[in-house]
Amino acid sequence: MSKIFNTGSMRELWKMSYPMMVNFLSLSIMLFVDRIFIARYSGEALSASVTAGTLSWAFICGGMTLASMSEVFVSQFNGAKKNHLLGKPIWQMLWLCLFSFAVFLPIAWFFTPYMFPIATKPLEHHYFNFFMYTGPFFCLHSAIAGFFIGRGYPRVIQWMAVVSNLVNIILDPIFIFGIKGVIPSLGMMGAAYATLIGTLVQAIAVFGFFLSKKNHSKFNTRDYRFDKKLFLSCLRVGTPPAVFIMIELIGWTIFYLMMEGISPQHIHVASILQSILLLFFFVGWGLEKGCVALGGNFIGQKKPHLLKKTFTSALGLLTIFAGLLAVILFGFQGPMIDGFLNRSMANGEFSAVALDASYLATTKALIKGSLPFLFLYVILENIRWALNGLLTAAGDTMFLLISGTLSLWLFCLAPIYFFIYLPGGSVVQAFGIEVIYGVLATLIVYARFKQGKWKTKKIVEEEKTHGAQILEDLLQEQKVLSSTKNIDDNEQ
C-alpha cells in the first residue's frame, strides 16, 4: 500500500527525507572516496577528474534530473489515491533513458575532442568520454526510484545505495592501483569503472523490486507501453530543472577552468574544496526529494497550504544539520585535509617524497581559510534545494530554470571572472563570492515560493485537460486489477 501524508511536520519530512539522505550520502561518499584514491594516485589526476568530471556530470545529472520527474507524477497520483497509475510514469522515464543514447553518443563523438583534445588533455579526454558513453546507465536508477519516493517508501533506495557504495569502495583501490600480476593499474579510469559498476548494481536491484509480483498486482508496474502524452507531460515538467542542472554544472566547470588558468595551486585547492563540498551536499539533496514527495502528495490531496508547513519543517532540520556540520568542518578539518595532501604519487605507485613544505603549508592555509565560506554556502544551498523541491512538486520548474541560470551567471561566474580570474585573486575570495551568490539565489527562490503562484500548477489536473483524458482511460483499462486489492504490499 502507499502512504498518505497529512501534516507536513518535521517528523513526516524527516521520515521521508532521511532514507534519501542516506542514498545521497552513499553517493557523496562514493565520489569523495574516488577523489581520495585519485589524489593519492596523483595530483594531476585529481585536477583532471574535477574538471572533466564536473562537465561530464553536468550532462549526466541533467538526464538524471529529467528521469527523476517520475517521482513528481507518482507523488501526485499517490496523493489523489490513483494507485493504478503509479507504474506508468516510471516506464515513460525508462524509455527516456533509452532515447538518451541519441544525446550522449554524439557528445562523446563530437564534443570531447573539441573540449579535451587528446594530445594536450589525455586524462580529461578519456575520463569525459567514458562517462558520455555510459551516461544513460546512470539515469536508470533515478527513473525507477521515483516509484518508491513518490509513494513514501524510500527505504529500498536507502539500502541499495549502501550496497552500491560498498561495491564502489571495494573496487576503487583494486582498479585504481591494480593488483600486481592480476589487474593492471587503471588510475583515474579505475575510479570511473568502479562508479559505473556500483551504480548498475543499485539500478538492477531496485528495478527487480519495482517489477515484483506484489507491486505489479497493486500498481501495474509491468505495463511497459510507451505513452506519448504522459511522456511529453513528464518532459514538460522535467526539462527546465534538467536544463538548469546542466547549466549550473557547466558553470562550475568554467569556474574550475578559471582556477586552473590562474595557477596550479588554485585548481588544487579548488579541487580539494569541491571534494569536501560534495561530501556534505547529501542533506540538501535528500531534503529536496522529501519536499518533492510531500509537496506532490499535498497538492494531489488539494492541500497546498501544507507546503508552507513543510518548508518550516525543512528549516528546523537544516538548523540541526548546521550545528553538526560546524563540528565536523571546524573540529576535524585537519584529518580531512591531510587525507588529500599527505602523500603524492608517481607513475601509479606510492612515492615516499612528500609535497614541498612551503607549498603544502600555503595550500593548507588556503583550504582552512575557505572552510567558513564553504560552511555558509552549503547551508544556503540546502535551503534553496528545499524550496526547489516544493516548487518542483507543484510543476513550477520553468521559474527555477530562468532564475537559477541568471543567478549563477550574474552573481557568481561574472564576479569571479572580473574580480578573481583577471587580476589573479585569491581562491579564498572566490569562495566568498560563492556565498554572496548563495544568499541572492536563495532569496529569489524564497520570494517566488512566498508569492504563491505555484499553487495554480497542478500537473495531474493538467494531464486530464491536455492529455485527452488519459487518466480516465487508464482507470478503465486497469479495472481488471481490482480483484487483487487485498494483496499486502507493506514490504515495500
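1. A residue is called buried when its relative accessible area is under 20%. In this predicted model, Cys-234 has a relative accessible area of 0%, so Cys-234 is buried. Cys-139 also counts as buried, at 2% relative accessibility.

2. How many disulfides are there? The count is zero. A disulfide needs two cysteine sulfur atoms within 2.5 Å. For Cys-139, the closest cysteine sulfur belongs to Cys-97 and lies 5.2 Å away, which is too far for a bond.

3. Two packed helices are described by the angle between their axes and the distance between the axes. Helix α3 (residues 70–79) and helix α12 (residues 282–300) cross at roughly 40°, and their axes come within 7 Å. At that angle α3 is oblique to α12. The crossing of α3 past α12 is right-handed.

4. Which residues make this contact? From α3 they are Glu-71, Val-72, Ser-75, Gln-76, Asn-78 and Gly-79. From α12 they are Lys-289, Val-292, Ala-293, Gly-296, Asn-297, Ile-299 and Gly-300. By class, the contact of α3 with α12 holds four nonpolar, seven polar and two charged residues.

5. On the α2 side, Leu-46, Ser-47, Val-50, Thr-51 and Thr-54 take part. They meet Ile-267, His-268, Ser-271, Ile-272 and Gln-274 of α11. The contact of α2 with α11 has four nonpolar and six polar residues, and no charged ones.

Terms used:
Residues numbered from 1 in each chain as written. Predicted model: local features only at pLDDT ≥ 70, side-chain atom pairs only at ≥ 80, totals over all residues. Heavy atoms only, no water. Buried < 20%, exposed > 50% of the residue type's maximum accessible area, 1.4 Å probe, protein only. Axes fitted to C-alpha atoms, helices over the stretch in contact; angles between N-to-C directions. Helix = DSSP H or I, 4+ residues; strand = E, 2+ residues; numbered from the N terminus. Parallel < 35°, antiparallel > 145°, perpendicular 65-115°, else oblique. Left-handed = near helix turned anticlockwise from the far one by under 90°. Contact = heavy atoms within 4.5 Å. Nonpolar A, V, L, I, M, F, W, Y, C, P; charged D, E, K, R; others polar.
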